[in-house]
Amino acid sequence: VSTVNTGVVLARRPAGRVTEDCFRLVERPVPEPGPGEVVVRHLYLSVDPYLRGRMDGAFPLDEVVQVRVVGQVAASRHERWSEGDLVWGFLGWQEWSRVRPSGEAVGIEDRLWPVDPAHGPIAYAISALGMPGLTAWVGTFDLGRPEPGETVFVSAAAGAVGSLVGQFARLAGARAVGSAGSAAKVAHCVDVLGYDAAFDYRECRSVGALVEALRTTCPDGVDVYFDNVGGPTLEAALRCLNAFGRVPVCGMISRYEDPDDPGVKGLINVLAKRATMTGFSIYDHLHRLPGWLPRMAELLRSGRVVYHQETWQGIGSVPEAFVSMLAGGNVGKRVVQVGDDPTSGSTAATSSAAAGS
Ligand SMILES: NC(=O)c1ccc[n+]([C@@H]2O[C@H](COP(=O)([O-])OP(=O)(O)OC[C@H]3O[C@@H](n4cnc5c(N)ncnc54)[C@H](OP(=O)(O)O)[C@@H]3O)[C@@H](O)[C@H]2O)c1
């Protein structure tokens with residue numbers, strides 16, 4: 001058993017585009033649990049777009065970056081948790097962590113949630129069966145509320161959240177249309193995820209070209225635009241929105257690294273179309289996880305919903321996995337495996353430089 005706990009800290013704040021040298025690997029001793037504490041061996045780490053925003057100020061320098069982790073309790077001096085329990089929590093880009101688990105009243109970084117392998121692959125607790133999955137669910141069904149025959153358009157359509165939105169739209173009887181950043185992703189959307197149509201937004205050099213692509217792929221207009229990217233795509237979608245259209249605003253990744261955000265033109269379309277734009281944060285919906293999980297697990301088990309996950313290997317691959325995900329290198333959800341998965345026999349590469357999907 002290793003005695004070294006390698007972690008990834010934020011070494012400096014990014015100026016515009018984040019680069020791998022914004023991060024540094026640190027080695028610390030594997031922690032021991034004190035009274036009321038638990039030590040978790042990390043198995044899978046998440047890389048998420050929202051982390052980029054926090055790197056501008058919220059995350060302290062020289063501390064391990066806080067992210068969602070699937071792990072296994074290695075030692076416990078807490079009555080609720082036992083050695084061997086599978087858990088997830090906001091435990092950070094590192095191989096081990098010490099947690100003093102607390103109730104819901106305290107910050108989420110002090111909480112552990114159980115992971116039930118009966119629901120599906122345990123790594124899904126930070127993807128399809130976790131926050132990205134619930135985000136797609138809440139945004140589509142609660143805010144988008146697609147009706148049979150309507151058209152749902154989603155951007156970042158091949159990603160962790162978007163890949164589910166298109167499939168949920170189809171479950172509701174709607175047409176699903178997606179935009180993504182390469183021909184391979186467009187093919188993935190249509191051939192694997194079952195989108196009715198998709199287009200490569202990088203081929204569209206102007207808002208006008210995006211509008212053209214939307215008019216071609218959504219001949220009856222857009223009833224729901226699930227926004228993951230903001231910027232020109234949002235502008236074009238507002239122009240193509242039908243009367244009483246709904247726009248769940250999930251993310252604006254095209255603006256996360258742009259300090260000179262030029263804003264969105266054409267907001268008058270919200271008025272003209274009597275549209276509803278609703279920003280939402282999944283943190284406000286975490287209490288729904290236990291009730292939602294069995295339904296989502298059944299959709300995956302039955303094959304009615306498919307999910308694509310890329311697994312990178314080794315703590316040393318985290319900076320590259322994160323930076324290239326922001327640039328569009330991922331298809332589906334990207335996670336980094338740092339420990340042997342006790343439920344699948346999937347072993348983690350120990351080399352800190354090993355990467356690849
Ligand atoms: N509201 C919430 O509670 C909540 C929760 C989770 C996620 N989110 C948001 O949901 C969105 C998707 O997150 P995710 O975890 O599913 O990530 P993801 O889609 O798996 O990965 C991010 C993708 O964004 C696309 N992208 C990057 N730069 C872009 C740009 N300038 N214009 C358009 N697309 C760009 C890239 O795909 P392409 O190759 O297609 O460019 C990249 O693969 C993000 O905005 C995230 O912040 C919000």
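The model is predicted: local features need pLDDT of at least 70, side-chain atom pairs count only at pLDDT 80 or more, and totals for chains, interfaces and linings use all residues. Residues are numbered from 1 along each chain as its sequence is written, and side-chain values use heavy atoms, with hydrogens and water left out.

**Stop 1: the ligand**

Next, show the backbone of alanine 160, where an N or O atom lies 2.8 Å from an oxygen atom of the ligand. At phenylalanine 280, a backbone N or O atom lies 2.8 Å from a nitrogen atom of the ligand. For asparagine 330, show the side chain: one of its N or O atoms is 2.5 Å from an oxygen atom of the ligand. Taken alone the ligand exposes 910 Å², and the protein buries 89% of that (accessible areas come from the Shrake-Rupley method with a 1.4 Å probe; for residues, only the protein chains shown count as cover).

**Stop 2: helix 3**

Select residues 162-171, which form helix 3. Helices (H or I, at least four residues) and strands (E, at least two) are DSSP runs, numbered from the N terminus. Helix 3 is largely enclosed by the rest of the structure, because 8 of its 10 residues are buried (buried means under 20% relative accessible area, exposed over 50%, partly exposed in between, with a 1.4 Å probe and protein chains only). Among the buried ones are Leu164, Val165 and Phe168. Their cover includes helix 2 (131-144), strand 8 (151-154), strand 9 (175-180), strand 11 (222-226) and helix 8 (289-301). Just after helix 3, look at glycine 173, which takes a positive phi of about 85°.

**Stop 3: helix 4**

Select residues 183-191. Which residues of helix 4 are buried? They are Lys185, Val186, His188 and Cys189. They cover an arc of only 160° around the axis, so they are on the same side of helix 4; the arc is that of the directions from the helix axis to the C-beta atoms. Ala183, Ala184 and Asp191 are exposed on the other side. The buried residues pack against strand 9 and strand 10 (197-200), where contact means heavy atoms within 4.5 Å.

**Stop 4: phenylalanine 199**

Phenylalanine 199 lies in strand 10. This residue is buried, with a relative accessible area of 8%. Leaving aside neighbours within four places in sequence, the contacts of phenylalanine 199 include Phe153, Val186, Leu210 and Leu214.

**Stop 5: helix 5**

Select residues 207-217. The buried residues of helix 5 are Val207, Leu210, Val211, Ala213, Leu214 and Thr217. Here too the arc is given as only 160°, which puts them on the same side of helix 5. They pack against strand 8, strand 9, strand 10 and helix 6 (231-240).

**Stop 6: arginine 255**

Finish in the loop between strand 12 (241-249) and helix 7 (268-272), where arginine 255 lies. Arginine 255 is buried, with a relative accessible area of 19%. Its side chain is joined to that of aspartate 261 by a polar contact of 2.9 Å (a pair of N or O atoms within 3.5 Å; within protein, one must be able to donate a hydrogen and the other to accept it, and residues adjacent in sequence count only if both atoms are side-chain atoms).
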